[in-house]
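Please read the report below alongside the structure.

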Amino acid sequence: MKKSVYKSAMSRVKTSENFKEETYRKLMSETEKTKQTNINKPNQKESIKMENVMKRKITGWTVGIAACAVLSISIFTMSQNGSSPSPQASAIASKPPILGKVAVNIDGVISEVSADGKSFKVGDLWVTVTDQTALGSKEPTASAPSEELLQKEFKVGNIVSGYTSQDVATGKVTADVIYNNMAPQKDVAAKPPIKGKAAVNIEGVITEVSADGAAFKVGDLWVTVTPETELGIGGPTAAEPSEELLQKEFKVGNIVSGFTTEDVSTGKVTADVIYNNMVPQK
Amino acid sequence: MYNSLELNESVRQALDLHSQSLIKIAFAYLKNIADAEEVTQEVFLAYLQKRPVFASSEHEKAWLIRTTINKSKNMLKTGWFKSRNPVPEDLSYLPKEESEVLQAVLALDKKYRIPIHLHYYEGYSIQEIAAIMQSKPATVGTWLARGRFILKEKIGGLEDEEICI
């Protein structure tokens, strides 16, 4: 059997002389790298574990101390309540929980004004306006206060708004700012009611006709038809009124329609327009 | 499992025993000694990192060959390998007949080249090659037959004479 030429040729193919050494060196360096990584990892884990343990310790101690503090305060309070319960309760009841605010709104209608005109009463509170009191809003975007909204004189019935930083519990404060001092709108009820309309429809059945035939009664209203009264439906598209729909003579029982601009409360008006005057269908 | 000393020793032994075989297999694949050596180094690195356990030395060699083939295939797929245009390996130092045969084998398609290499260089049987290449023995037999036929056409020889590669 012949020796394989291919095997002989492949065996003679030259490779690096120091391949084994180089490869082994490379493998060793990789091993070292892996070792280093493995050594570092547990250390990091340990340090993280230690940090976590410390955190847990601190949290535990904090919670414990807080719980002890709450417990001791509650025990102290309970023992205090037990020794003298009634005076404490009365004291709490007599004192309002909050005695004053930083700023309290003044808002309402003036019910009383002092003789000098510098103080007014809103509800149960007397408010004094001094030179220090700012009038109107000082906001950069606020418009200048009008005479109507911020009158110079405080009058009974005026609507005021503003605020004070003083304790309102005393019943007398000095206003820091007065935004508005305006007279109330006049009573709407005092105004006379509208007695008539611009136009009132006349519509119904004639119950009575005057002797001259120029007036008729529809319901409680006497309607007079004058030469000024327009007969029929006007307008460019309106059809010519028929004899049937607009009879010349007003008769009892006829159905009429139209309108007047006069005041119907007087009970007697002159018709502006009569659209229809027709005999009812049998 | 190995401890680190044993592992180093086993790697060193594998390096001594199989490095040349692995370089030649990779060379049969890549047709370049430098690339073949690089692939072989990667194979031993994988051996070190994965720490496989082998039933026998033959098992170990088969694993190393399989890994070399896989890594060579991966290198062939890489963009930089495809894009480059390397100078052909200088085989002028080989005797003429050997150089011709080697050039002819390297010119084969890789699916014929590797079974021929494993059969004629490593001396593996068809069954063993099939196991290494994870193929059917019949398929390996076909590859070997076709490879031989192509080589016979290239290298020549009498019709009744069996080709000697």
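## The contact between the chains

In this predicted model, chain A brings 20 residues to the contact and chain B brings 26 residues. On the side of chain A that touches chain B, helix H1 (5–12) and helix H2 (19–83) each supply at least two residues. H2(A) gives the most, with eight residues. By class, the side of chain A that touches chain B is made of eight nonpolar, six polar and six charged residues.

## Chain A as a whole

Chain A holds three helices and 14 strands. It has 282 residues, of which 11% count as buried. Among the contacts in chain A with a separation of 6 or more, 63% join residues 24 or more positions apart.

## Helices H2 and H3 of chain B

Helix H2 of chain B covers residues 33–50, and helix H3 of chain B covers residues 57–77. Their axes come within 9 Å and cross at roughly 125 degrees. Why are H2(B) and H3(B) called oblique to each other? Angles from 65 to 115 degrees count as roughly perpendicular and those over 145 as roughly antiparallel; the crossing angle is roughly 125 degrees, so H2(B) and H3(B) are oblique to each other. The crossing of these two helices is right-handed.

From H2(B), the contact uses Asp35(B), Val39(B), Thr40(B), Glu42(B), Val43(B) and Ala46(B). From H3(B), they are met by Leu64(B), Thr67(B), Thr68(B), Lys71(B), Ser72(B) and Met75(B). These residues divide into five nonpolar, four polar and three charged. An α-helix has 3.6 residues a turn, so residues three or four places apart point the same way.

H3(B) is 21 residues in length and reaches 30 Å from its first C-alpha to its last, close to the 30 Å expected at 1.5 Å a residue. Which residues of H3(B) are buried? They are Leu64(B), Ile65(B), Thr67(B), Thr68(B), Ile69(B), Lys71(B) and Ser72(B).

## Helices H5 and H8 of chain B

Helix H5 (residues 96–106) and helix H8 (residues 137–155) of chain B pack with their axes 10 Å apart, at an angle of about 135 degrees. H5(B) and H8(B) are therefore oblique to each other, and H5(B) passes H8(B) in a right-handed crossing.

H5(B) makes this contact through Glu100(B), Val101(B), Ala104(B) and Val105(B), while H8(B) uses Leu151(B), Lys154(B) and Ile155(B). The contact of H5(B) with H8(B) has five nonpolar and two charged residues, and no polar ones.

## Two positive phi angles

Most residues other than glycine have a negative phi. Lys31(B) is not a glycine, yet its phi is positive, at about 60 degrees. Lys31(B) is found in the loop between helix H1 (4–30) and H2 of chain B. With 17 other C-beta atoms within 10 Å, Lys31(B) is partly exposed.

Gln134(B) also has a positive phi, near 50 degrees, in a residue other than glycine. Gln134(B) is placed in the loop between helix H7 (126–133) and H8 of chain B. Is Gln134(B) buried or exposed? Gln134(B) counts as exposed because it has 8 C-beta neighbours inside 10 Å, and a residue with 12 or fewer is exposed.

## Lys111 of chain B

Lys111(B) lies in helix H6 (residues 110–120) of chain B. Lys111(B) counts as partly exposed because it has 15 C-beta neighbours inside 10 Å. From C-alpha to C-alpha, Lys111(B) and Gly147(B) are 8.8 Å apart in space, although 36 residues apart in sequence.

Key:
Residues numbered from 1 in each chain as written. Chains lettered and ligands numbered in written order. Predicted model: local features only at pLDDT ≥ 70, side-chain atom pairs only at ≥ 80, totals over all residues. Axes fitted to C-alpha atoms, helices over the stretch in contact; angles between N-to-C directions. Helix = DSSP H or I, 4+ residues; strand = E, 2+ residues; numbered from the N terminus. Parallel < 35°, antiparallel > 145°, perpendicular 65-115°, else oblique. Left-handed = near helix turned anticlockwise from the far one by under 90°. Contact = placed C-beta atoms within 7 Å. Nonpolar A, V, L, I, M, F, W, Y, C, P; charged D, E, K, R; others polar. Expected span 1.5 Å × (residues − 1). Buried ≥ 20, exposed ≤ 12 C-beta atoms within 10 Å, placed from the backbone.
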